[in-house]
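Work through the exercises below with the sequence and the 3D structure in view. Each task is followed by its solution.

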Amino acid sequence: MFKFKKVATFLIVGTLAALARATMVQAEEMPMAGIAVVLDDFYVNAENSDETAVNKLMEEITIQNNLAFAQVNNYVNIRSKASEESKIVGKLYDNAAATILGEKNGWYKIKSGSVTGYINGDYLVTGEKAVSIAKKVGNKVAVVDTTTLKVREKASTDSTVLTLIAIGDDLKVTKELEGWAKVQVDENTYGFVSTDYVKLQTTYEEAISIEEERQRLAEEQASNQAENQSQSQNQSSSSSSNGSNSTTKGSSSSRNSSSSSSSSSSSSNYSSSGSSIADYAVQFVGNPYVWGGTSLTNGADCSGFTQSVFRKFGISIPRTSRTQATGGTRVSLDNLRAGDLIFYARGGTINHVGIYIGGGQVISASSPSTGIRITSYNYRTPVKAVRYN
């Protein structure tokens, strides 16, 4: 897995007047953060039968903008020149997208993500075949186009509001209805948003450079080493704790007499560590969300993200959001500090966790469509906060 890196968005100017005369007035390339096709004008208030016209539009965009897709067992190398002997500059994984810039002796010059190079034409599909793949592998998202978007339990303005989403955030679309889209807020929360207030996009996975992959592998190795070190420290701490049961009352009193200054020192150290935790966590913004994942670069879910960030600082916390909420020291939501964990619930059950980074903001591995992102800490109603030290 690797994150969606977005390079261009193709905006469709004009509306769908009728199925029989669906036309694309203009395609304007704009810089953004993925290869994405914006179909907002065609989805808004569209009848279910208009899916035919949307598919036709996607065909036109795919072909006119020279989109191609890798069809390989795992990945194909992207090389600096049109030769098997040239330097490898990146990798394009199966079903990932690339824009064709030119062709030379059976090789395509492509751009995908941050990588520009050459791929043997045997490993890419273009034209009508690319259109077929585009329809299957695209990730549909709804980008919030209003100050605060209400996510409702059902596709009705009379339905209960589940949560509020800020402008610019995006949500994974799981189903399209007339005037509504069913979206995924987090791993356990689904709801409906009005298409009057979002732009619907289809995004595609893209290439990863050799430098980016090296960084990912190095971070994974460091994470594994930190986990092993944490386990060793926990085992050592457990042994030490068992041995302390035989200590005398005098030594116990001695420890108790120093507890006040020790507690003060610990609090001071944690405050500094909390800021360090927050600073460390934000460098992973934009990396992918993966259910069950714990990799800060390759993909993590909400609790896997928090666990891996804390592990970096030698702090061992449980694996799931529910169990993470049972540990540490509970703190008031009015007394949050950087590094605190904030928990969210649905139906009275905790199902999401993020790290408070200060300034009223939280970072979390939110959903497959948004990845690791920063939001207002109360973008959903928080139910609890804890501090680990």
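**Exercise 1.** Does R319 count as buried, partly exposed or exposed?

Solution. This is a predicted model, in which local features need pLDDT of at least 70, side-chain atom pairs count only at pLDDT 80 or more, and totals for chains, interfaces and linings use all residues. Residues are numbered from 1 along each chain as its sequence is written, and side-chain values use heavy atoms, with hydrogens and water left out. Step one is the scale: buried means under 20% relative accessible area, exposed over 50%, and partly exposed in between (1.4 Å probe, protein chains only). Step two is the value: R319 has 28% relative accessibility and therefore counts as partly exposed.

**Exercise 2.** Find which side chain meets R319 in a salt bridge.

Solution. A salt bridge is a side-chain nitrogen of Lys or Arg within 4 Å of a carboxyl oxygen of Asp or Glu. The partner of R319 is D301, at 3.1 Å from N to O. D301 is buried, at 6% relative accessibility.

**Exercise 3.** Describe the salt bridge between R387 and D340.

Solution. First, the distance from N to O is 2.8 Å. Next, the cover: R387 is buried, with a relative accessible area of 9%, and D340 is buried as well, with 0%.

**Exercise 4.** State how far apart the closest N and O atoms of K140 and E176 are.

Solution. In this salt bridge they are 2.8 Å apart. K140 is partly exposed, with a relative accessible area of 27%; E176 is also partly exposed, at 22%. A search of the whole structure finds four salt bridges.
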